[in-house]
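Good morning, and thank you for coming.

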Amino acid sequence: MLELNKIYCMDCLEGLKLIPDNSIDLVWTDPPYNIDYDYDIYKDKKSDYFQWCEEWIKQSYRILKTDGSIFIKMWSFNMPRICCVLDVNKFYIKNIIVWKRHSQAGYMDRFLGGYETIIFYSKSKENKFYPDRILKKSKFTRRWDDKKEYKGRLHDIWNDIKPVTCGSLKH
């Protein structure tokens, strides 16, 4: 059993196994993109990447409460396969969120990426979604552009959240 409000540095599959069934309201994850990036302690190229993803998705389903949600921030190229895994594992799609951001990284053989994808699924159709609580606590106003505001509603294009990049958090 994991202690609440404590950070654990361990393999996610091992950590997920320590969480009881139907006990979590929300899973937020930003898995590696599997793009062959060489981090100091991790090589981002797994031959079994999508099998690994299916394992943590199954574990996420197990630990989520019936009305729970999962948000997965991912590289858009991986999104179709991950969505198929979520569908097969009985999740319900709620939104595809576009996080508009400016990136200097990218491949030279394609357009420079200007967004990241966040997919929002729920464990069941009884999913609880309280945008009014989010707005009251954070005073968010999602903007479609600089001229038009949608007060009281959250938009699926996020352009007002600054990115946190690798290395910006110190251990």
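I start with strand 5 and strand 9, which pair in the parallel sense over 2 bridges. Here, strands are DSSP runs of E with at least two residues, helices are runs of H or I with at least four, and both are numbered from the N terminus; two strands pair if DSSP finds at least two bridges between them. Within this pair, Val 98 has Ile 157 of strand 9 as its bridge partner.

A word on the source: this is a predicted model, in which local features need pLDDT of at least 70, side-chain atom pairs count only at pLDDT 80 or more, and totals for chains, interfaces and linings use all residues. Residues are numbered from 1 along each chain as its sequence is written, and side-chain values use heavy atoms, with hydrogens and water left out.

Let us turn to strand 6, residues 115-122. Of its 8 residues, 7 are buried, meaning under 20% relative accessible area (1.4 Å probe, protein chains only). Strand 6 runs antiparallel to strand 4 (residues 64-74), joined by 6 bridges, and Ile 72 stands opposite Ile 119 of strand 6. Strand 5 (residues 92-100) is also antiparallel to strand 6, through 8 bridges, with Tyr 92 partnered by Ser 122.

Methods
Buried < 20%, exposed > 50% of the residue type's maximum accessible area, 1.4 Å probe, protein only.
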